[in-house]
Amino acid sequence: KIFSALTPMEGLPPELKIAIFEHLRKRDLLSSALVCRAWRDLAWDKVMWRTFPIRSSGLLEALFGVEESWWKVAVRTNLSDLGLWHITNDLNGQNRDSIPPASDSNRFLAVAAKTGSIRLDVTLIDRFVNLMMDVANSAPGKILFPALHTLDCGEFKEPQGDFAHTVFAGSPIKKIWIDGGHCEKTAIAARRLLSSLLEAHPQLQHVTACEGNMPEGRRIPEFWRLTDLRSLYYEGNITLEEWIKLIQECPRLNKVTIEANIPDASPPNPGPHLAPSLRRLSITEFALLDPAISMLETIEAPHLEALDFDTQLEPLDGATEQRSASRARSAFRLLAERSKNLESLMLVAWIEIGVENLVAFRSLRRLQVTDRTPGCQLDDSGMDSLCRSLPNLREFYLEYTPPHGTERNHAKTTPKSLGSFSRHCKDITYLGLPVTATNPNDFVGSILTELVAFREILERLVLSALILPRDRTKDFVSFLTVQCPKLTYLDIFDVQISDQLVSRSALVRIKLEIEGAYFRSRVAS
């Protein structure tokens, strides 16, 4: 995606981003750092702060007694309205061992008492954490972080001693994030820390644990210790038995993301298990389809509102595909019966679920389908049936992504499918369709004719293909600007010129011209 009204910063080169951020005031720079990680990295760059007379007052200065010139430091604890601090370091080539020992434990305790959230950088963990443990040992029985609610350890490098019980004993932590890193050794160290945190803080409500490099055969952490667990993101191997125990022992779970693999596909206990609080379920990155289907079959979530189902990285052979496809269609029919409030469905699979099973979810408002099976994508007739059955749709996105090495077939949907949405889905605001041309010379004319019906509601439009004569590019932009006043997002994957032989690089330039001209005209109007 090149430029869009929703994410204008993404298309800018780094030097322009820096130039923009350099014009911000200190308060605005701090606010920008909370938007996302990319903006945070920009906002905390030392270039941004060279004009501000700032000292690194906070935990690091209290511990190390060093000035800001030694460290690239962001300590936000002293900003009472944020209650958040984040640390990274830049030793400017100096030896980390030369950092002086803790110099002011009283000041450290005062700052720690106001700290609500901590993110520890991997390069600081060995030195900084050990210093925190020294302070904790010098004040036995004292709660160092009485206001701490969020702990982000990132890619953790294990410190000496019991970090969880020594530094964070008694802290009211509700949310933790731990990354096992990129090797087995760090994954095992992160698991030890995670297990200690689960034991020391049974009040945890939100857990993110990435254990993709954990050795096979190990059981998952005992998340069922947390009877008040509300959300879980887990990356790693999980057995179906552990999945069922998690659902049974954590009745307040309302958001679960499993990015993993289940080695055993057959449920050990027959029948569905009630998940009364589950609102959102994401099953992603599974190497096999059947284990993911088993997860759906073993739960009953009457209040489920959103499902992301992204599985099967490799295609199946004929017999296996037929068996898995039949089982998947049955599982989705059961899901539609058990979860009548489902509003959002994201489906990525190699098998064809079928329009009749998609429309069984009558309350859908958001539907995203990525079709990886050649020849199985929806045609105009199927699209019309879907629109008639799901009149409450507000967002629809269909993408055809064939497997690597497979020839990309033309999409089956034509501009007529746009008309199906305009007739039956009166509240549609986001529409993404792979369309092909039955008449290339009038392809744009057909699209524009169908788009007229959306002029008062459509906000985002994604077209996988745009086929038009070279001299009609300006007409296309003018039409969208005048006839679709609410349209703020336009993305075109592929542009084809019907009346000229144009190189691939020239097509890319034309695509950029169209998108750029549209957004310039939108800004001007």
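Mentor: Helices (H or I, at least four residues) and strands (E, at least two) are DSSP runs, numbered from the N terminus. You are looking at a predicted model, where local features need pLDDT of at least 70, side-chain atom pairs count only at pLDDT 80 or more, and totals for chains, interfaces and linings use all residues. Residues are numbered from 1 along each chain as its sequence is written, while side-chain values use heavy atoms, with hydrogens and water left out.

Trainee: Thanks! How many helices and strands are in the chain?

Mentor: Counting those runs gives the inventory of the chain. The helices number 17, and the strands number 19.

Trainee: What percentage of the 525 residues do buried residues make up?

Mentor: Buried means under 20% relative accessible area, exposed over 50% and partly exposed in between (1.4 Å probe, protein chains only). Of the 525 residues in the chain, the buried share is 49%.

Trainee: And what share of the contacts with a separation of 6 or more comes from residues 24 or more positions apart?

Mentor: A contact means heavy atoms within 4.5 Å. Take the contacts in the chain with a separation of 6 or more; residues 24 or more positions apart account for 72%.

Trainee: Let's zoom in on Glu-242. Is Glu-242 buried or exposed?

Mentor: Glu-242 sits in helix H9, which covers residues 240-249. Leaving aside residues up to four places away in sequence, Glu-242 touches Arg-219, Ile-220, Trp-224 and Asn-237. Because its relative accessible area is 2%, Glu-242 is buried.

Trainee: What is the relative accessibility of Ile-258?

Mentor: Strand E7 (residues 255-261) is the place of Ile-258. Its contacts, not counting residues up to four places away in sequence, include Tyr-234, Trp-243, Phe-286 and Met-295. Ile-258 counts as buried because its relative accessibility is 0%.

Trainee: How far apart in space are Ile-258 and Tyr-233, C-alpha to C-alpha?

Mentor: In sequence, Ile-258 and Tyr-233 are 25 residues apart. In space, C-alpha to C-alpha, the distance between Ile-258 and Tyr-233 is 6.2 Å.

Trainee: What is the distance in space between Met-133 and Phe-168, C-alpha to C-alpha?

Mentor: Met-133 belongs to helix H6 (residues 125-138) and is buried, with a relative accessible area of 7%. Phe-168 is 35 residues from Met-133 in sequence. C-alpha to C-alpha, the two are apart in space by 9.6 Å.

Trainee: On to the rings. How many aromatic pairs does the structure hold?

Mentor: Rings of Phe, Tyr and Trp (its six-membered ring) pair if their centres lie within 6.5 Å; planes under 30 degrees apart count as stacked, over 60 as edge-to-face and the rest as tilted. Aromatic pairs in the structure number six.

Trainee: Which parts does the pair of Phe-309 and Phe-332 tie together?

Mentor: Phe-309 and Phe-332 form an edge-to-face pair, 5.4 Å centre to centre with 85° between the planes. Phe-309 is buried at 1% relative accessible area, and Phe-332 is buried at 1% as well. Because Phe-309 lies in one part and Phe-332 in the other, the pair ties together, across 23 residues of sequence, strand E11 (residues 306-311) and helix H11 (residues 318-338).

Trainee: Is the pair of Tyr-397 and Tyr-430 stacked or edge-to-face?

Mentor: The centres of Tyr-397 and Tyr-430 are 6.4 Å apart, and with 15° between the planes the pair is stacked. Tyr-397 lies in strand E14 (residues 395-400) and Tyr-430 in strand E15 (residues 430-433), so the pair links parts 33 residues apart in sequence. Tyr-397 is buried at 10% relative accessible area and Tyr-430 at 15%.

Trainee: Last stop, the helix packing. At what angle do H15 and H16 pack?

Mentor: Axes are lines fitted to C-alpha atoms, for helices over the stretch in contact, and angles run from 0 to 180 degrees between N-to-C directions. Helix H15 (residues 443-451) and helix H16 (residues 473-483) have axes 11 Å apart and pack at an angle of about 5°.

Trainee: Which residues of H15 and H16 make that contact?

Mentor: That angle makes H15 roughly parallel to H16 (under 35 degrees; over 145 is roughly antiparallel, 65 to 115 roughly perpendicular, the rest oblique). From H15 come Val-444, Leu-448 and Leu-451, and from H16 come Phe-476, Phe-479 and Leu-480.
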